Amino acid sequence: MGETSVATPLVLSELTLTAIQAEATRAHLRHGDHSMLGKHYTSGDRLAILVEEVGEVAHELTYDQGGPAVGEGRREELVKELIQVAAMAATWVEFIEGFPH
């Protein structure tokens, strides 16, 4: 008897995936060869870019921005910064894997 496959639901929503793709595209169009896809960057350079974005997430969670609880602070800004982190990480993967652009 053949195996029955059960579709696994996606963990990330299409809305989130679309936002990550849009941010990665926006950043690449804005920075061109100086985006995360730029061939002249080292891993250290890419890490610095990613950490800078993580720093912006941390800033959104500081007490002067409303605190760490989503809803108490600047929710939209926090989501925007998290999308930027995800986009930079995903773009770095694209570079490592050598996907055509």
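Mentor: Accessible areas come from the Shrake-Rupley method with a 1.4 Å probe, and for residues only the protein chains shown count as cover. For this chain the accessible surface comes to about 7,400 Å², of which 62% belongs to carbon and sulfur atoms. Keep in mind that this is a predicted model, in which local features need pLDDT of at least 70 and side-chain atom pairs count only at pLDDT 80 or more, while totals for chains, interfaces and linings use all residues. Residues are numbered from 1 along each chain as its sequence is written, and side-chain values use heavy atoms, with hydrogens and water left out.

Trainee: How many helices and strands does the chain have?

Mentor: Helices (H or I, at least four residues) and strands (E, at least two) are DSSP runs, numbered from the N terminus. The chain has 3 helices and 0 strands, so that its pattern along the sequence reads α-α-α.

Trainee: Which residues of helix 1 are buried, and which exposed ones lie on the face turned away from them?

Mentor: An α-helix has 3.6 residues a turn, so residues three or four places apart point the same way. Buried means under 20% relative accessible area, exposed over 50%, and partly exposed in between (1.4 Å probe, protein chains only). In helix 1, which covers residues 14-31, the buried residues are I20, E23, A24 and A27. Seen down the axis, they fall within an arc of 95 degrees (taken from the directions from the helix axis to the C-beta atoms), so they line one face of the helix. The face turned away from that buried side carries the exposed residues E14, L15, Q21 and L29.

Trainee: Where does T25 lie, and what does its side chain reach?

Mentor: T25 lies in helix 1 and counts as partly exposed because its relative accessibility is 33%. Its side chain reaches the backbone oxygen of Q21 at 2.9 Å.

Trainee: Which residues make up the largest nonpolar core?

Mentor: A nonpolar core is a set of buried Ala, Val, Leu, Ile, Met, Phe, Trp, Tyr and Cys residues joined through side-chain atoms within 4.5 Å. The largest one here has 12 residues in all, among them I20, L50, M88 and W92. Helix 3 gives the most to this core, with 6 residues.

Trainee: What is M88 in contact with?

Mentor: Contact means heavy atoms within 4.5 Å. Leaving aside neighbours within four places in sequence, M88 is in contact with A27, M36, I49, L50 and E53.

Notes. Expected span 1.5 Å × (residues − 1). Polar contact = N/O pair within 3.5 Å; in protein donor to acceptor, adjacent residues only side chain to side chain.
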